[in-house]
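Thanks, everyone. Please bring the model up on your screens, and we will walk through it together.

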Amino acid sequence: MRSWSPYVLLVAAAIALDQWIKHLVETGLAFQEKLDLLPFLALFRTYNTGIAFSMFPSIGDTGLIVIAVLVVAFVLYLATRTPSGHVVARLGFALIIGGALGNLIDRAVYGHVIDYILFHTPVWSFAIFNLADAFISVGAALVVLD
């Protein structure tokens, strides 16, 4: 178990940071009002009732929770099968699990995921996402790189 301690701590830290920032967003940022930080970056609080990029909202909360739990279980399975020397992959798996659990908490508690980061230009905008989504994306990239 000792070899897994840093990864468990990373999962816990990712969840804690994600939930803390979402609390700050919920209590301090008006709903669906853009707050520009940079010419290409804004805060924009909204709710995602689907999964990644708002896909499949018709599945419902229970279905989306089941999917999230299955994904976390599968990633955990992959992580346990990864040799201890693959530190980068294990860090990636920990970030994926932390991000997925952060969004799962939102879905279980609120019935939606709180999103707030918006990359945009005057004529284009990327999907609105959150720190948990960034953890998942960075984690996936680390797994692929390793």
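Let's start with one residue and its contacts. Leu17 touches Leu131 and Phe135, leaving aside residues up to four places away in sequence. Keep in mind that this is a predicted model.

Where does Leu17 sit? Its place is in helix 1. Is Leu17 buried, exposed or partly exposed? Its relative accessible area is 37%. Buried needs under 20%, and exposed needs over 50%. So Leu17 counts as partly exposed. Now look across to Ile105. Leu17 and Ile105 are 88 residues apart along the chain. Their C-alpha atoms are separated by 13 Å.

Next, helix 1 as a whole. Helix 1 covers residues 5-28, which makes 24 residues. At 1.5 Å a residue, helix 1 should span 34 Å. The end C-alpha atoms of helix 1 are 34 Å apart, so the two values agree.

Which residues of helix 1 are buried? They are Tyr7, Val11, Ala14, Ile15, Asp18, Lys22 and Val25. Look at the spacing as you read along. An α-helix has 3.6 residues a turn, so residues three or four places apart point the same way.

What covers those buried residues of helix 1? The cover includes strand 2, helix 3, strand 3 and helix 4. Helix 4 is residues 131-145.

Let's take the strands from that list. Strand 2, residues 41-48, and strand 3 run antiparallel. 6 bridges join them. In that pairing, Leu41 stands opposite Phe119 of strand 3. Strand 3 runs over residues 113-119 and is mostly covered. Of its 7 residues, 6 are buried.

Now helix 3, residues 87-110. Helix 3 also has 24 residues, so at 1.5 Å each it should span 34 Å. Its end C-alpha atoms are 34 Å apart, which agrees. Just after helix 3 comes Gly111, with a positive phi of about 85°.

Last stop: the second largest pocket. It holds about 160 Å³ of space. Which elements give two or more residues to its lining? Helix 1, helix 2 (60-80) and helix 3 do. The largest share, 4 residues, comes from helix 3. The lining includes Trp4, Tyr7, Val11, Leu76, Arg90 and Phe93. Tyr7 and Val11 were also among the buried residues of helix 1.

Key. Residues numbered from 1 in each chain as written. Predicted model: local features only at pLDDT ≥ 70, side-chain atom pairs only at ≥ 80, totals over all residues. Heavy atoms only, no water. Buried < 20%, exposed > 50% of the residue type's maximum accessible area, 1.4 Å probe, protein only. Pairing = 2+ DSSP bridges. Expected span 1.5 Å × (residues − 1). Contact = heavy atoms within 4.5 Å. 1 Å grid on protein atoms, 1.4 Å probe; cavity = no way out; pocket = protein on both sides within 12 Å on 5 of 7 lines; lining within 4 Å. Points joined across faces, edges and corners; volume = space filled by probe spheres on them.
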